[in-house]
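Open the model in your viewer and keep the selection tool ready. The stops below say what to select next and what is there.

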Amino acid sequence: MANVIELTGVTKRFGHVTALDGLDLSVSAGEVHGFLGPNGAGKTTTLRLVLGLLRADAGSMTVLGLDPWRDVAELHRRLAYVPGDVALWPNLTGGEVIDLLGRLQGGQDAARRDRLVELFDLDPTRRARTYSKGNRQKVALIAALATDAELLLLDEPTSGLDPLMEDAFRGEVRALRDQGRSVLLSSHILSEAEALSDRVSIIRAGKVVETGGLDQLRHLTRTSVTADVRTVPEGLERLPGVHDVVVVNHRVSAQVEPSGLEPIMHALTAAGLRTLTSQPPTLEDLFLRHYGVAAGDATDDAGAGRSDRA
Amino acid sequence: MRDTLVGTGSLIRLGLRRDRWLLPVWILAFAVMAGSTATASADLFPDLASRVEAARRLNGTASVVALFGRVYDPTSIGALSMIKYTAFMTAVLAVLVVVVMVRHTRADEESGRLELLGGGRLGRNAPLTAALTICVGASLLLGLLSGAALVAGGLPVAGSFAFGLGWAATGLAFGAVAGVTAQIASTSRSAIGMSSMIIAVTYVLRAVGDLAEPGPSFLSWLSPIGWNQQVRAYAGDRWWVLLLPLALFAVLVPVAFALRARRDLGAGLREERPGPARGSLAGVWDLAVRLQDRVLAAWLVAFVLFGAVIGSLVSGVEDFFGSANAQDLIKQLGGGQALTDAFLSAEITILGILAAVFGIAAVNHLRAEETAGHAESLLSTTTTRTRWATSHVVVALAGVALLMLLGGLSIGAGAALSLHDGGQVARVTAVSVAQVPGVWVMCSIALAVFGWLPRLTPGVWGLYVAFVALGEFGVLWHAPQWLTDLSPFQHAPRLPLDSGTVTAVVALTATAAVVAALGYVGWRRRDLTA
Ligand SMILES: Nc1ncnc2c1ncn2[C@@H]1O[C@H](COP(=O)(O)OP(=O)(O)OP(=O)(O)O)[C@@H](O)[C@H]1O
Ligand SMILES: [Mg+2]
């Protein structure tokens, strides 16, 4: 099937600020597409353009085969959106907002709505002004997930959710994918996109700088290898594709490009390998590579998302 | 203690910066109004006899006493000319003080602004202290400037400053009241609502108290607005009465701080009750009504009451303005033939001007919903831009029409009763409803600004004030005719209705439609902004 979102050369300026600068993005039907970028990269702007809330200065956009600026009503019947900054009417209760948005969306499944309220542990009788950020986020998520939308646009959907709720959310997104629906999910939390996405686009300063399946993108980065050996071999850092070699007593660690894996494994085995851990590249690494931050800074929390994705 | 005040200075500066238009405009408006009225009164009541006569009639008309109070020295031109300002405008002043106080305390908490600043070391008591400081400063400045304006208007110095300081002290008292309600209420809206209720009660207390013969009963002394009347500026200048509002201020301010200490940022002392788990709102129409219905209901009540009072005044009009001068003036203002018609027309025009406040605010709700981020949620559903905007525009237009209809009926009924002429109901209601298209023009201007220049939405109020001022003072300022004619209020139909009325109604309706259509065009092609 065709792409559900197809943006080519999209440019959006706010006064003298160029928020999007010739952005290309395609999301295929039935995939969960991660949309990654640092603050101010243009993620929210892109989503708003896709929704027809903003008007592009240049480029072409097709969403579900429609023009997002002209075919608003028809398009919005088929998609659902969760804004990054969920604002609710302070005097309405959470339940009232969910039902209102559901009706405006063209109807929601009542049973699914109730199940989601239960799942996300939301008290729907409270006035929105008394909700925490996480609870406001849940209201918008429930409203969107309870619809039959073909395409979901989620702008940093888990910001404010605690780990338990984040887990529940991931389960729901996977269920959506199993039903063949498409999701565009923006985030700067890499583990989240990594845990959920089939494909990822990385945006920086209004341009998509990298896009592809996780496997495709992984070859671009380095595996982190740590080994305990009997005797530390000489000249590891001179092997092709091996970087950042650190030796502490009998422990060796290094960052290794795909081409360097074979030579370093030979060397380590020859040196009497006792234990070996290798971590596949994370999106964290990819991300850092593109935004020029030293990769070592982020290895600490890089493991969080991976365990989900065996 | 000092710790809890950290950051007060910067909050005051920030507050003054945010209010750099609001406060000066408001303070100057009060001073200029008072001064201009003083000048005008000297022409209206040139000799002692005319003053005594006017004061006698005012004091003898119950509805005037209830609405404005009494003239305590019939020989004093000052007491006579300030009659509308002593209680009525003081209540308006109280509302403004409350809005400013809540804006800098509760509303800032709600928007998260204080939390943001609080992170950067902000003492717990800093916001309340800053708001009170701004309020005290503004009230004093308003009082002193008004005193000076009254002196410039030709009134005695002592009385003028007694009057000005009366305003200042009342401002302080209601500032402290708002300081307390801002701690009790759980939202800024309910804080303003609670304070407004208190203002209304104090107003009614003194109305009932003033009606007692011969002078005020103890009820008037229970009301801060009553105190302001009992200062009796230009009629004895009882300075000691000023101590009462100051004492109230001194009592309430510590109470506000004590309450503040007992609650969390963002929370009120009043507990939240759970609401419905299921929504009954079927769409954006329901939502627009739900967001504005209480406000509209309050306006409707006010219009009906105001109308009843105005209507019942009619029978007194003929002898009320006994002097030939006054009759000329009223005829000029009203443009009608009979004096009663002129009076009714003038009051109904005012009704229209007031209804425009509701209409503009209702249309400006669109912008508020947009900046709050609510529009983003709605417009990413199947709701189209046109449909959503129309939901609020309809509330505005229908609300205005309803206000003018009920206000007109109420005036008409009052007039019919007091003139023993049932025919008044229909003709007064008709002319009141005929004001609607002019008010709609203001609403559609607000829509056009929303569509094309959303960031200038507050500027609609400036335009509104300019139009009203041109109508009131245009002649005084020698404003060119074409400029005055720009104001839709200038073309509002008056009694008696004739074929010219139809022309005006059609022309104004057409103008409103064209301007609104223009607004829609802009709105449909612009970006959603914050
Ligand atoms: N209405 C606007 N007016 C002016 N500039 C804007 C507007 N909206 C966005 N921008 C600018 O466009 C750029 C992209 O912003 P955008 O909100 O799309 O970033 P983002 O990737 O969503 O960031 P974040 O991760 O912080 O949410 C930023 O430089 C931002 O300042
Ligand atoms: Mg964003």
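A residue is near a molecule or strand if one of its heavy atoms lies within 4 Å of it. This is a predicted model, in which local features need pLDDT of at least 70 and side-chain atom pairs count only at pLDDT 80 or more, while totals for chains, interfaces and linings use all residues. Residues are numbered from 1 along each chain as its sequence is written, chains are lettered from A and ligands numbered from 1 in the order in which they are written, and side-chain values use heavy atoms, with hydrogens and water left out.

**Stop 1: the ligand**

Select ligand 1 and the residues around it: A:Phe14, A:Ala19, A:Pro38, A:Asn39, A:Gly40, A:Ala41, A:Gly42, A:Lys43, A:Thr44, A:Thr45, A:Glu156 and A:His188. By class, this shell has four nonpolar, six polar and two charged residues. Here Ala, Val, Leu, Ile, Met, Phe, Trp, Tyr, Cys and Pro count as nonpolar, Asp, Glu, Lys and Arg as charged, and the others, Gly among them, as polar.

Helix 1 of chain A (residues 43-50) gives the largest share of the shell, three residues. Helices (H or I, at least four residues) are DSSP runs, numbered from the N terminus.

Now show the distances to oxygen atoms of ligand 1. A polar side-chain atom of A:Thr44 lies 2.6 Å from one. For A:Gly40, a backbone N or O atom lies 2.8 Å from an oxygen atom of the ligand. For A:Asn39, a polar side-chain atom is 2.9 Å from an oxygen atom of the ligand. Taken alone, ligand 1 exposes 630 Å², and the protein buries 66% of that; such areas come from the Shrake-Rupley method with a 1.4 Å probe.

**Stop 2: the domains**

Colour chain A by domain, with domain 1 at 3-218 and domain 2 at 222-279. Their centres, taken over C-alpha atoms, are 42 Å apart. In chain B, domain 1 covers 1-44 + 90-271 and domain 2 covers 284-530. The C-alpha centres of these two domains of chain B lie 28 Å apart. Domain bounds come from an automatic or database domain assignment.

**Stop 3: between the chains**

Which loop holds B:Thr382? Select the loop between helix 19 (374-379) and helix 20 (385-419) of chain B, where B:Thr382 lies. A polar atom of the B:Thr382 side chain is 2.3 Å from the backbone oxygen of A:Leu104. B:Thr382 counts as buried, at 19% relative accessibility. Buried means under 20% relative accessible area (1.4 Å probe, protein chains only).

Terms used
Polar contact = N/O pair within 3.5 Å; in protein donor to acceptor, adjacent residues only side chain to side chain. Helix = DSSP H or I, 4+ residues; strand = E, 2+ residues; numbered from the N terminus. Buried < 20%, exposed > 50% of the residue type's maximum accessible area, 1.4 Å probe, protein only.
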